[in-house]
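Visitor: I would like to learn how to read a sheet and a pocket. Where do we start?

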Amino acid sequence: MRSTLKASALALTAALAASTAFAGSHSLSGDLKIFLDTSNPAPRATMEAMIARFQEQHPGLNIETTVIDREAYKTQIRNFLTADAPDVATWYAANRMRPYVEAGLFEDVSDLWAEPAIAENLASTKGAMTIDGKQWGVPYTYYQWGIYYRKDLYDQFGLSEPTNWEEMKSNCQTLLDNGVKCYTIGTKFLWTAGGWFDYLNLRTHGYDFHMEMAAGDVAWTDDRVRQTFANWRELIDMGAYVDNHQNYSWQEALPFMVNGDAAAYLMGNFAVAPLREAGLTDDQLDFYQFPAITEGVAMAEDAPTDTFHIPANANNKEAAREFLRFVVSAEEQTVINNGQNLGQLPVNASASIDDDKFLEQGFAMLSSNSPGGVAQFFDRDFPAEMAAEAMQGFQEFMVFPDNLDDILARLEQVRQRVYK
Amino acid sequence: MTTATLPDTDPPKRGWYKRNEIAVTPWLFLAPAILFFAVYVIIPIFQSFSISLYDWDGLGQAEYIGLANYQELMNDRAFEVSLWNNLKWLVCYLLAIPAGLFIALFLNQTVTGIRIYKSLFFFPFVLSQVVVGLVFAWFYLPNEGLLPAIVGWFGFGPVNVLGDPSWATYGIILAGLWPQTAYCMILYLTGLNAVDPEQVEAARLDGAKGWKMLWYVIIPQLKPATFIAFVVTIIGALRSFDLISIMTNGGPFGQTRVLSFYMFEKALSEYGFRMGYGAAIAVVLFLIMLVFIAYFLWSMYREEKGH
């Protein structure tokens, strides 16, 4: 008994010594400027608390945090990356970071990805962070997309979660017969329609085809693309979507679901918080994966990833790298993504998922039921110009499906210019 | 013989500035304005011209492509739509001038509390354009809005002004007319104060009244007010940006864009990485504005000559 105590005391001392040695070798100093786009109240508090914990570990560091409005950030990033660069900045994965990577404004952080702690735990998002065989940042959170629905309405009309296209349509018909719209959507800011295209295309032709399109290798006038739109049109012709969706933002489309005028919403997991706040309980609200359309096509999902980068013009890259390591560590990932904070999925495989039915379902779906691959999102996978034109075309298609030929011809023209 | 001391004809030696004072001083006073005008207006105009000849994403290397951006504009339907919308704005916005005049005539009387009525009519001009846009957007909302309710009383079907590509632009212009009319009204109210009562008296003795009095006696005297109202309305129409951004964000599917909004979308928005193309749109917008600017300068020049 006594000897075990002694042994553990020894071990403890050794561990302590090791940890001080570790901290000593990493004592950081100087300024660390961090720019964040997490301007909504909850993410903002999460990030500030996380930075405070980092500060505690590195008291010698003078950390300066700037939070910029999420929308304004998207245009300001161009200026501050070139003129007065911070040491760490938030952004998005995949094609969304390409312009800055190609302009040489993001630091190559492949060295971080070679470290075992990151290489082993972050493998699933490595692809989204890679351009030209190098990694340009680290992810800090991601979230699933899928169909959030009113379980009480489905139960009332005797419906169950659909697993294929036929069930999806027959469910929808039942709802319509009872005066309930199948899906709410607000397309004023266009990107919500991009989500529908992503899923219809991923389910009709699969992940690889979708990515070929994103890379510009498929003509928009291709018959396979038309098939995706033909499927979409079936829903539009049924009247599946709420009327006048072109007038609403995604938030303004939420009340249709809350009031029971519409039964479901194809959205990212961030829609759960406002739906709960609007009074829907977890008994009324549930989630299912977008059903299969073409048999045999492997399921693939959208899971947009938010990221941290080091600008190439940063001054304190050593501290910035340490900060990136800190952000993706299992402990921090568990904390910042839990229900009280971001309420999303941790990127570190060793982190634990919070006890929340949507996060659990989303995590299970992405880790075991998305064999086809994981896409980012339409406007992050496709180049900016192509995405902007295409999403506008999707909105037009959803209002005037007869304009399809004209829309596709236009998009094909844009494709030929963008990917020349 | 004593020599009379002549007054010293040779003045004491004066500095360069003293010698050139008359010529230099105006330029000194003008210098700050000229400097800022050059840096913020003149030079950027030429920069826009030069950027419009490049293919540039605002970050990397710019590639010289000659007039290719302009060639693309010729076949760009979104550009065409924006151009037509600009024209709609210019024409419809001018309605603010007669509307402002009639409200001014109506309010130009002495009744108890007229100041309150005047300020109520002037109120929309004080509001931010963003607020005006929001209020009108709610007014037009397809299900909850006031307009569909009013139209419903008269037994007409549902209207979705901002969601219908053929009506949305007119819906936004109407929202813009509300504050613009108030602006023109205030210009005419001050103008009416300066109308010569003797001329009105004389006209009345000659038997003029009603429309004839207005057209031949009052309106000619309001010419300076009309000119200013015209200038501010044209400028207001050409820089219509905030209302569009708030009410429709250029939608549905880009049918309510005007050139300034399209330029912003192409060059500076979330997905805009085409500085060259945006600059080309800006140049076209500049040339359109130049027509009006030239006209204004010319009429002001003529005015000065006349006196």
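Guide: With pairing: two strands pair if DSSP finds at least two bridges between them. Helices (H or I, at least four residues) and strands (E, at least two) are DSSP runs, numbered from the N terminus. This is a predicted model; local features need pLDDT of at least 70, side-chain atom pairs count only at pLDDT 80 or more, and totals for chains, interfaces and linings use all residues. Residues are numbered from 1 along each chain as its sequence is written, chains are lettered from A and ligands numbered from 1 in the order in which they are written, and side-chain values use heavy atoms, without hydrogens and water.

Visitor: What is the bridge partner of A89(A) in strand 12 of chain A?

Guide: Strands of a sheet pair through backbone hydrogen bonds, either parallel or antiparallel. Here H309(A) is the partner of A89(A). Strand 3 (88-92) and strand 12 (305-309) of chain A pair in the antiparallel sense over four bridges.

Visitor: What is the strand order of the open sheet in chain A?

Guide: Its five strands run 2-1-3-12-6, with mixed pairing. Strand 2 (61-67) and strand 6 (138-142) of chain A each have a single partner strand, so one side of each lacks a neighbour in the sheet.

Visitor: Which residues lie nearest the centre of the second largest pocket?

Guide: A pocket is an open set of points on a 1 Å grid over the protein atoms alone, where a 1.4 Å probe fits, with protein on both sides within 12 Å along at least five of seven lines; lining residues have an atom within 4 Å of a point. Of 38 lining residues, E102(A), E385(A), V418(A), D57(B) and F273(B) lie nearest the centre. Helix 4 of chain A gives the most to this lining, with four residues.
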